[in-house]
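Thank you all for coming.

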Amino acid sequence: MSADHYFSAEPSAPETRERIEFTVAGRDYALAASRGVFSAGRLDPGTAVLLRKGGLPDASATGTFLDIGCGYGPITCVLAAEAPAVTVYAIDVNSRARALTEENAGTLGLADRVRVCAPDDVPADVEFDQIWSNPPTHIGKAGLNELIDRWLARLAPQGVAWLVINRNLGGDSLHTRLEGLDWVVERTASQRGFRVLRVTRKTT
């Protein structure tokens, strides 16, 4: 499937349902996916690395989280399930992805704490205590930088962002670029060709 399909607002690929099963932190998930949505046939390897190596929240976590490029919702659903006191905003340009995320959150009983919306529909006054993303590197370097900059600007003062980037698709250059923009960036893991980056604001 070309990137034009799952990075489009209205994917042209026919909707064909899949069931994606995976386990994170000892909890089993079975989510609905479909053609026309990112990694519809499996849990994306980068997403798997992020959920395995990122600093997943626990039941003590509070606040508002963001999942950038939610796809059919694996990151959103894991965050909401692991941290029952948080609200998770799930954003994606793809309308089919958003519908699937809403459906999956509902199936798991998480719908009351998941806000699924298009990027431009996120309220302007919302800050995020945590940002999580396996961002769409295939939109190109300029598009990726614009996307990351847009949402990191909404990170709360003491917030943390967890990003996973393929090493061969700009993981190390993104690390360097963010440090140059005065973010504190720590590579917490490197697995299967993916870099897991922990990003925070520099304290004065």
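Let me start with alanine 25, which is exposed, because its relative accessible area is 58% and the cut-off for exposed is over 50%. Please keep in mind throughout that this is a predicted model. Alanine 25 sits in the loop between strand E1, residues 17-24, and strand E2, residues 27-34, and its phi is near 50°, a positive value in a residue other than glycine.

A second residue with a positive phi is serine 39, at about 50°, and it is not a glycine either. Serine 39 lies in the loop between E2 and helix H2, which covers residues 45-53. Is serine 39 buried or exposed? With a relative accessible area of 14%, serine 39 is buried, because the cut-off for buried is under 20%.

Now to the loop between strand E3, residues 63-68, and helix H3, residues 74-82, where we find glycine 73. Glycine 73 counts as buried, since its relative accessibility is 0%. If we set aside residues up to four places away in sequence, glycine 73 touches Leu31 and Thr101. Glutamate 102 is 29 residues from glycine 73 along the sequence, and yet their C-alpha atoms are 8.0 Å apart in space.

In helix H3 itself we come to threonine 76, which also counts as buried, at 0% relative accessibility. Its side chain makes a polar contact, at 2.8 Å, with the side chain of aspartate 67. Leaving out residues up to four places away in sequence, threonine 76 touches several residues, among them Asp67, Cys70, Val88 and Val114.

That brings me to the cysteines, and to a question: how many disulfides does the structure hold? The number is 0. As a reminder, a disulfide is a covalent bond between the sulfur atoms of two cysteines. For cysteine 77, the closest cysteine sulfur is in cysteine 70, 9.2 Å away, which is too far for a bond. For cysteine 117, the closest cysteine sulfur is likewise in cysteine 70, at 8.7 Å, again too far for a bond. Cysteine 77 is buried, with a relative accessible area of 0%, and cysteine 117 counts as buried at 11% relative accessibility.

Next, the interior. In soluble globular proteins, nonpolar side chains tend to be buried together. Here the largest nonpolar core has 41 residues, and those with the most contacts inside it are Phe22, Leu50, Tyr72, Leu110 and Val196. H3 gives the most to this core, with 6 residues. Apart from this core lies another one, of 24 residues, which includes Leu66, Ile91, Leu163 and Val199. As for valine 196, its contacts beyond neighbours within four places in sequence include Val49, Leu50, Trp162 and Ala189.

Which residues of H5 are buried? They are Leu144, Asn145, Leu147, Ile148, Trp151 and Leu152. Seen down the axis of H5, these buried residues fall within an arc of 160°, so they line one face of the helix. An α-helix has 3.6 residues a turn, so residues three or four places apart point the same way. The face of H5 turned away from the buried side carries Ala142 and Glu146, which are exposed.

Notes
Residues numbered from 1 in each chain as written. Predicted model: local features only at pLDDT ≥ 70, side-chain atom pairs only at ≥ 80, totals over all residues. Heavy atoms only, no water. Helix = DSSP H or I, 4+ residues; strand = E, 2+ residues; numbered from the N terminus. Buried < 20%, exposed > 50% of the residue type's maximum accessible area, 1.4 Å probe, protein only. Contact = heavy atoms within 4.5 Å. Disulfide = S-S within 2.5 Å. Arc of directions from axis to C-beta. Core = buried A, V, L, I, M, F, W, Y, C linked by side-chain atoms within 4.5 Å. Polar contact = N/O pair within 3.5 Å; in protein donor to acceptor, adjacent residues only side chain to side chain.
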